[in-house]
Amino acid sequence: MLCETRTMLAMLATLTRVAALRRTGLFSGWGGRRGLWTGRPQSDMENIKPLEGVKILDLTRVLAGPFATMNLGDLGAEVIKVERPGAGDDTRTWGPPFVGTESTYYLSVNRNKKSIAVNIKDPKGVKIIKEITGGSRCTGLPAIGSFSLFLENCFMLETTCRLKTIALKTGIPGQGALYSRYGQTGPISQRAGYDTVASAVSGLMHITGPEDGEPVRPGVAMTDLATGLYAYGAIMAGLIQKYKTGKGLFIDCNLLSSQVACLSHIAANYLIGQKEAKRWGTAHGSIVPYQAFKTKDGYLVVGAGNNQQFATVCKILDLPELIDDSKYKTNHLRVQNRKELIKILSERFEEELTSKWLHLFEGSGVPYGPINNMKNVFAEPQVLHNGLVMEMEHPTVGKISIPGPAVRYSKFKMSEARPPPLLGQHTTHILKEVLRYDDRAIEELLSARVVAQHETH
């Protein structure tokens, strides 16, 4: 879910030009200052992750934004997560389940990040954010000079909260990604919203659920996740655009647009054919059979997308008479005679155990699979083979396992990751090493509760 008032900014510095990298073999830090990443010898250049050297100031929270920045962090981007002192990301409290004091929800989408706890309602907190991005020259340190930062942010939970805009200009137009509920302008742009609300307004809930039942919320926040993935791709495009032109851009991602765009053929059915959508349960409105069938001890999903696959299904089920039945010769006819055909197939599937059907369908060329619970998902050999269980050592709770990245690359590994940060775990480090604050200045900020540092032992 996305916070009802969340508008957030993921700020990205310029990609170091390839030619410059090949000449120097080094990545620069924040604005020429001592960065959080070190340089790398030229001989190692082919093993680097593609976003190493990219800096992200992440003011997002909950799911859509953190999911996007986590994926960027997996590719080597340096992500500094800005959080509220004493509270942090909303999802830190979303449980149970908890592991120690950490919610598993938070742990699932925040790996490969550093956390700085800053009160951005305090002018001193705003000053720190400006300094991180190079927008303040009061430290005597050089500004980044490679982008402008335009930040729209609200950490309040009240629906009446108005956005505070901070424009930090450091030379040439920069880039950022803003996440919202319905868009930055328009008749309902200021309305509060979460993933579930956006999935309702967008029509997703209207088409999800039993055929003759009530609308159903998808089991995970697909609207948030889709927005995060759109933002992830858009940010990559923005980086390429800046590399090509030397100018950044502003990216607007919102829940409503992301989900409406994902309605795909369902939306086209209406826009082109004026056909209103309906709920189909596990079935498909345009393909038969393509749904879950109850077995003796569970469920099996089978899809026959063409006539040959349908014939194979009939043979496996020992129902060869259906192959040449005039009512089922084509998919169009099977859709027309859905109820009668599904009744015949359902009765046959219920006669055997799921394991028996899995054995019979193996190697058939027909798409099929069981409906797994979580235990079975993470015991599935292909899931394990694909490296989808990522283990890491958390500083307070020990070893944790979370779902890993979906994509693998030939030139670098995705298995080495830093655990999700504790609230304010890197505050002092960033103030000292990036902004060059002395110990006295840091202590004053801590005492005034402008910032907070989580002590690990």
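How much space lies in the second largest pocket? About 660 Å³ lies there, where a pocket is an open set of points on a 1 Å grid over the protein atoms alone, at which a 1.4 Å probe fits, with protein on both sides within 12 Å along at least five of seven lines, and where a volume is the space filled by probe spheres set on the points, joined across faces, edges and corners. This is a predicted model, in which local features need pLDDT of at least 70 and side-chain atom pairs count only at pLDDT 80 or more, while totals for chains, interfaces and linings use all residues. Residues are numbered from 1 along each chain as its sequence is written, and side-chain values use heavy atoms, with hydrogens and water left out.

The second largest pocket is lined by 27 residues, and I207, H265, I266, K278 and W280 lie nearest its centre; a lining residue has an atom within 4 Å of a point. Two or more of these lining residues come from each of α6 and α8 (264–273), helices being DSSP runs of H or I with at least four residues, numbered from the N terminus. The most is given by α8, with 4 residues.

The largest pocket has a volume of about 900 Å³, and of its 29 lining residues F67, S108, V109, L225 and P403 lie nearest the centre. At least two lining residues each come from α2 (64–74), α3 (104–108) and α6 (222–245), with α6 giving the most, 5 residues.
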